[in-house]
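Here are some short notes for a colleague opening this model for the first time. Please keep the structure in view while reading.

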Amino acid sequence: MVDVACAEPAFLDLTLVGLDRIPRPGEERLADDFLRSPGGGAITAIGAARLGLSSALVSPLGDDEVGTMLRSMLADEGVRWEGRKVERTPVTVIMPTDGDRAMATFDPGEGVTASELAAVEPRAVVLSIPRLPLAPPGARVYLSVGDLDARALAGGALPDMSGARALLVNEREARLLTGAADARTAAGQLAQVAPLTIVTLGPEGALAAGAEGTVHAEGVAVDVVDTTGAGDLFAAAYVWADHWGVALEQRLQWAVLYASLSVRVATATAGAVTLRALLEEGAGHGLTSPVRQPAAMKEDQ
């Protein structure tokens, strides 16, 4: 049994650091560095593990050099990998610049199965809206949606998400799903099909709407280097705070803080701070630790 299983595809992220701008067609720009790190569902799994939860990535990985590298990276983080070996592993090239980034992805299209996900006996699962039917009975379900799926679902009837614990989307995704002109309206509409909708607002924080009321958590000012994976780490911290029974407003505050801390450096996993570091930062923002077993905290890496 694990505290949380992440069932979205994992990628190897190839990040070109230090570009002054994104190259135009036919143009070459020089980067200061080149980094390799886990991406996709692996980001949430690693964030959860660094926050002290037992964590699993349940996703196919290639029987190739990239897949071998990702499995090794996950093992180093204490993340359990379950799934099956397939031919190829997804890869994303990331070019962060000016507080944003451009990405190009290869994805062979393999996905998790219900039996693979059930095998880890998760207390909670993080997965996207199209994979909702795969969630094991009894697990807390935290839903996400990527840009591609949001565009595919735009303008149509949304599936019943009443069995989910929360739907977590960014502002663009929320507006695509609903056609609403602003985040607050979109959150209210999505709260009609999910018990609780969380809309992340980048530097403006996050907004929640649903059965627990409507709450806004302010953003945390930081110097932005790379926003890749901030939403995935927001999800990891939200699940962590919910695991400890934290009230909605504080769940949002912890998740906003964790995501904000992550964007100060290149790559999502480099920015995913440990539990000790998060609690120290939280104390500086007036947040009280929800963790009942502080001796279990991991040392900073």
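This is a predicted model: local features need pLDDT of at least 70, side-chain atom pairs count only at pLDDT 80 or more; totals for chains, interfaces and linings use all residues.

How many cavities of 30 Å³ or more does the count come to?

1. **The cavity.** The count comes to one cavity of 30 Å³ or more. The largest cavity has a volume of about 40 Å³. Its lining includes the prolines Pro-9, Pro-60, Pro-90 and Pro-108. Ser-59, Val-86, Arg-88 and Glu-110 also line this cavity. By class, the lining has five nonpolar, one polar and two charged residues.

2. **The second largest pocket.** This pocket holds about 170 Å³ of space. Ala-217, Glu-218, Gly-219 and Val-220 are among its lining residues. Five lining residues are nonpolar, three are polar and one is charged.

3. Helix H8 spans residues 248-262. The largest share of the lining of the second largest pocket comes from this helix, with three residues.

4. **H8 and its partner.** Two packed helices are described by the angle between their axes and the distance between the axes. Helix H7 covers residues 230-243. H7 and H8 pack at about 145 degrees, and their axes lie 8 Å apart. The crossing of H7 and H8 is right-handed.

5. **The H7 and H8 contact.** From H7, the contact uses Ala-230, Leu-233, Phe-234, Ala-237, Tyr-238, Trp-240, Ala-241 and Asp-242. From H8, the contributors include Leu-248, Arg-251, Leu-252, Trp-254 and Ala-255. Val-256, Tyr-258, Ala-259 and Ser-262 of H8 take part too. Of the contact residues, 14 are nonpolar, one is polar and two are charged.

6. **Ser-128.** Strand S10, residues 122-128, contains Ser-128. Is Ser-128 buried or exposed? Ser-128 counts as buried because its relative accessibility is 1%, and the cut-off for buried is under 20%.

7. **What surrounds Ser-128.** Neighbours within four places in sequence are left aside here. Ser-128 is then in contact with Glu-8, Leu-143, Ser-144 and Asp-149. Leu-57 is 71 residues from Ser-128 along the chain. The C-alpha atoms of Leu-57 and Ser-128 are separated by 14 Å.

Definitions and conventions. Residues are numbered from 1 along each chain as its sequence is written. Side-chain values use heavy atoms; hydrogens and water are left out. On a 1 Å grid over the protein atoms alone, a cavity is a set of points where a 1.4 Å probe fits but cannot get out, and a pocket is an open set with protein on both sides within 12 Å along at least five of seven lines; lining residues have an atom within 4 Å of a point. Grid points are joined across faces, edges and corners, and a volume is the space filled by probe spheres set on the points. Helices (H or I, at least four residues) and strands (E, at least two) are DSSP runs, numbered from the N terminus. Ala, Val, Leu, Ile, Met, Phe, Trp, Tyr, Cys and Pro count as nonpolar, Asp, Glu, Lys and Arg as charged, and the others, Gly among them, as polar. Axes are lines fitted to C-alpha atoms, for helices over the stretch in contact, and angles run from 0 to 180 degrees between N-to-C directions. A crossing is left-handed if the near helix is turned anticlockwise from the far one by less than a right angle, and right-handed if clockwise. Contact means heavy atoms within 4.5 Å. Buried means under 20% relative accessible area, exposed over 50%, partly exposed in between (1.4 Å probe, protein chains only).
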